[in-house]
Structure formats: C-alpha cells, structure tokens
Amino acid sequence: MSIIVKPYATEHIQSAIGIWNEVVRDGISFPQEEELTAKTGDEFFKSQSFTGLAADSDSGEILALYILHPNNVGRCGHISNASYAVRSDLRGNHIGEIIVKHCIKKARELGFKILQFNSVVAENIHARHLYRRLGFIELGTIPGGFRMNDGSFVDIVPQYILL
C-alpha cells in the first residue's frame with residue numbers, strides 16, 4: 001500500500017469523522033468527549049491551520065488524519081499543536097509515523113517554530129516511542145492529568161520538538 005497525505009476536503013467528511021470519533025469513543029488519548037457530526041466535523045477540520053488526510057494512493061481510501069493549529073495566541077502563537085488519528089484496523093502499520101512526519105514538515109511550512117503536545121497519555125507507549133524516535137523532548141509528567149473513560153486518572157507527558 002502506498003500512502004499519500006493530502007489536505008482535508010468536505011468530500012471526505014464521513015471518513016474523517018469516522019476515524020476521529022473512533023478515537024473520541026475510545027476515551028484513552030483525545031481530551032474531547034463529544035463526537036463530531038458531518039456539520040460540526042466539517043467546520044472543525046476546516047478551522048485548523050491544516051488538516052491532513054492519509055490516503056491509499058491506489059484506492060483513495062482514507063486511513064488516518066491529523067489536525068495542526070496554534071497551541072496558543074499572541075506571543076506564543078509560533079508554537080503549534082497537533083492531534084493524530086489512525087483507523088483502529090490499520091494501527092501498527094507505521095501510518096502514524098507518516099502523518100507525524102508530514103505534520104512536522106507542514107508546521108515548518110506554515111511558519112511555526114515549535115510543535116508541542118500538551119497531553120500525551122503516559123500509557124500511550126507506541127506514540128511516545130515514535131515521538132522520541134523523531135526527536136521530541138518529554139518535559140516531565142503531570143500526575144493524573146487525563147481522565148479515562150472509566151473515570152480513572154492517568155499521567156500525561158507534555159513534549160515538544162523544535163522545528
């Protein structure tokens with residue numbers, strides 16, 4: 001399978017919200033609790049600095065997505081933030097690595113100087129391993145910074161990479 005990353009377009013809303021909402025429902029990595037509808041999802045994806053879709057270049061099937069946006073405003077507006085979602089049936093195929101690398105490149109192109117993740121769940125070892133391999137620096141641990149679906153609290157590990 002050959003994968004391309006392309007900009008989000010409304011024609012892909014059903015695939016995009018399907019992937020996004022699956023991660024929201026899992027309740028183990030995204031802070032959001034409400035699922036997106038076609039209307040709210042289209043508005044959300046279009047409101048980002050960039051929303052990238054990973055697609056199979058042969059079939060056009062959407063496999064994953066990411067959103068990229070400022071982490072803050074004003075004097076901190078040069079710091080970006082991103083979220084990544086890969087279809088659960090395709091995880092473990094290095095699609096996450098493709099979209100994270102694309103996101104880093106896109107953040108540079110858009111003039112951001114830093115890519116920061118505020119709340120990487122400590123138990124998300126696959127993401128943390130990937131981020132470390134790509135050069136991200138972990139800033140420490142915030143005890144109990146994330147509430148899981150079952151109501152328990154787990155640690156988060158903020159991190160960043162200079163662009």
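Which residues of helix α2 (residues 38-47) are buried? The legends below describe close-up views of a predicted model.

**View 1. The buried and exposed sides of helix α2.** In helix α2, the buried residues are Gly-41, Asp-42 and Phe-45. Seen down the helix axis, these buried residues fall within an arc of 100°, so they line one face of α2. The face turned away from this buried side carries Lys-39 and Ser-47, which are exposed. Packing against the buried residues of α2 are α1 (13-26), β2 (50-56) and β3 (62-70).

**View 2. The salt bridge between Arg-147 and Glu-33.** The two side chains meet at 2.6 Å, N to O. Arg-147 belongs to strand β7 (residues 142-147) and Glu-33 to the loop between α1 and α2, so the pair ties together parts that are 114 residues apart in sequence. Arg-147 is partly exposed, at 43% relative accessibility, whereas Glu-33 is exposed, at 55%.

**View 3. The salt bridge between Arg-133 and Glu-97.** The closest N and O atoms of this pair are 3.3 Å apart. The pair links distant parts of the chain, with Arg-133 in helix α4 (residues 125-133) and Glu-97 in helix α3 (residues 95-109), 36 residues apart. Arg-133 is partly exposed, at 46% relative accessibility, and Glu-97 is buried, at 15%.

View 4. Between Arg-87 and Asp-89, the closest N and O atoms are 2.8 Å apart. Arg-87 is buried, with a relative accessible area of 17%, whereas Asp-89 is exposed, at 52%.

Conventions:
Residues numbered from 1 in each chain as written. Predicted model: local features only at pLDDT ≥ 70, side-chain atom pairs only at ≥ 80, totals over all residues. Heavy atoms only, no water. Buried < 20%, exposed > 50% of the residue type's maximum accessible area, 1.4 Å probe, protein only. Helix = DSSP H or I, 4+ residues; strand = E, 2+ residues; numbered from the N terminus. Arc of directions from axis to C-beta. Contact = heavy atoms within 4.5 Å. Salt bridge = Lys/Arg side-chain N within 4 Å of Asp/Glu carboxyl O.
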